Each structure stands twice: as C-alpha cells, then as structure tokens.
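Student: I have a two-chain model open. Please show me how to read its interface and a few of its residues.

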Number of protein chains: 2
Amino acid sequence: MPDSLPEFRFHHFALSVPDLEESIAWFGAKLGFTEEWRMDNAMIPAKVAFLKRGPHRVELFEAPGAAPLPADRRDMQADPRTHGNKHVAFEVDDIRGLFDEFRRRDVDIVNVLDRPWATIGFIRDNAGNLIEFVQPK
Amino acid sequence: MPDSLPEFRFHHFALSVPDLEESIAWFGAKLGFTEEWRMDNAMIPAKVAFLKRGPHRVELFEAPGAAPLPADRRDMQADPRTHGNKHVAFEVDDIRGLFDEFRRRDVDIVNVLDRPWATIGFIRDNAGNLIEFVQPK
C-alpha cells in the first residue's frame, strides 16, 4: 500500500516557548530564520509565529500560563526516557564548521559526537529545546 | 550573520515509543517508511531504529522503563500548554486525498481543518504521537 501515498515534504517543526519575541530573535540571530507571519490562534489560545529558512519552518507557540519545560527535556540522554515527540535533526555538509560558527554566535552547544554512521551535534535554543545536526558519513 | 551559515536539510524527527517493533510496523503500513538500520545505543540506553521515506527519516527510541506519554501530548490543543519540542508537519499537494487514504488505512485521525493559510490535518501514530500534514493555499 505505501505506493498509493503521495510524496510529502518537511514543512515545519513546532515548539512551545515562554517568550515568542525572544525565540524569534534567537532563531534569527543563531540559525538565520526570518519571520514569515504571526497570528493569534483562537483554537489554541496562544500567540503563534512561523519562521522560515529556505524550505524549512519552525512554528512557535506562546501559550499563556503554559507549564515550563520539564528539566529532563534539556538533556539528550534523559529526554527519551519519557515517550513522545522529541528533537528534529538537520543534515549539513560540514558540521564542524557549523559548530565553529555556533561558538562564534554563543549558541548553547551540548556536544559534537562521532558516531559510526555520522558526526552529530546537539544545541539548545534560548528556551532549552534540543535541536540536532547531522553530517552522515 | 545569517549569510555565514551553511544550508541545512531536514534529516529526521525523533520519537520515544513504548514498542519499537510496533512503531516500525505502523510507520511502514500507514506512512510508507522503511527500516534503514537499527542499533543498541550505549550512550542512551535504548533500542534505536531509523526509518526512511524519500529524504525523510524518523528515529525511534525504545528506552526500558520510560515514562508513558503524558496525556496532554495526545491533544493538539493541550500539547502547547507545556513548553518543549512538539509535532513535525509535512507538506502535501492533496491533503484531502491523503486523509482519505489514511481512513482506508485505519489511521487515528484527529481532524482536518481549513485555516486562512492552509488546510491542515493531524493524525496520531500507534503510540499517540501527533503528526501534522499541511497543504498551503
């Protein structure tokens, strides 16, 4: 049956954040995302913004009174110990160069690791959310 | 500074699931993902599998003793009320046709909604994780 499915393309990943403006500023300064549009979402009571970089987007929610990020979600080893949606990962051609640039931009770098299949690296955004980068071997 | 960043491409999204085999079967039967490889991850004590569909991958973790999915994470309206990484969304050309196919495949459909900027639809995987599809207008 898989052949009766249409193609699909990555559109966005979503984050719930404590401060929409601070996150817009961080994704702009550190990862080069630009604001596409924003709205007040009546269905989910929250301020929502879409940021875009090439074909990729991040959807940011600022929901009044939202619970803070659980501490284990900041930790790449502890995070999978609760079921659910986790990080997204982006492929790059030169992960060492990218992380050198992240250092220049004062990004919160978790690690850069050689794995049998790839070199991988994790960062945290300004709100502590894990984001991964991958350079396959 | 954004112009000194390299291009990056979506590589994968990660899920922590209760049963690796059941999730591999679900992503195969419902979304057409095929197994790329699997390993036992010594750094994060868990069974790990990568599934692939075109250029997209999902990384599945089965961590022994992991906490179950928090109930609000199954609910697209409640989920953003805790900070953190949320759903991913894939763009398609014909979301109504895709969701017709999901109905034929007995996928857990949350909704299909007309929004000013797109028609969007959410499903849940076999473990309750939200996944979004988008057909922009």
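Student: How many salt bridges are there between chain B and chain A?

Tutor: A salt bridge is a side-chain nitrogen of Lys or Arg within 4 Å of a carboxyl oxygen of Asp or Glu. The count between chain B and chain A is 4. One salt bridge joins the side chains of B:R9 and A:E91, at 3.5 Å from N to O.

Student: What conventions apply here?

Tutor: This is a predicted model: local features need pLDDT of at least 70, side-chain atom pairs count only at pLDDT 80 or more, and totals for chains, interfaces and linings use all residues. Residues are numbered from 1 along each chain as its sequence is written, chains are lettered from A and ligands numbered from 1 in the order in which they are written, and side-chain values use heavy atoms, with hydrogens and water left out.

Student: What area is buried between chain B and chain A?

Tutor: Buried area is the accessible area (1.4 Å probe) that two parts lose on being put together, summed over both. Here it is about 6800 Å², and carbon and sulfur atoms give 57% of it. On the chain B side, B:F8, B:H83 and B:N85 lose the most area to chain A, together 13% of what that side buries.

Student: How many residues of each chain are in contact?

Tutor: Contact means heavy atoms within 4.5 Å. By that test, 70 residues of chain B touch 71 residues of chain A.

Student: Which strand of chain B pairs with β1 of chain A?

Tutor: Strands (E, at least two residues) are DSSP runs, numbered from the N terminus. Two strands pair if DSSP finds at least two bridges between them. Strand β1 (residues 9–16) of chain A pairs with β5(B), antiparallel, over 6 bridges. Within that pairing, A:H12 has B:A89 as its bridge partner.

Student: Is A:R124 buried or exposed?

Tutor: Buried means under 20% relative accessible area, exposed over 50%, partly exposed in between (1.4 Å probe, protein chains only). A:R124 has a relative accessible area of 18%, so it is buried. A:R124 sits in strand β7 (residues 118–124) of chain A. Its side chain reaches the backbone oxygen of A:R74 at 2.8 Å. Beyond four places in sequence, A:R124 touches residues including A:W26, A:V107 and A:D108.

Student: Why is B:V110 classed as partly exposed?

Tutor: B:V110 is partly exposed because its relative accessible area is 26%. B:V110 belongs to strand β6 (residues 108–114) of chain B. Leaving aside neighbours within four places in sequence, B:V110 contacts B:M76, B:F122, B:I123, B:R124 and B:L130.

Methods. Helix = DSSP H or I, 4+ residues; strand = E, 2+ residues; numbered from the N terminus. Polar contact = N/O pair within 3.5 Å; in protein donor to acceptor, adjacent residues only side chain to side chain.
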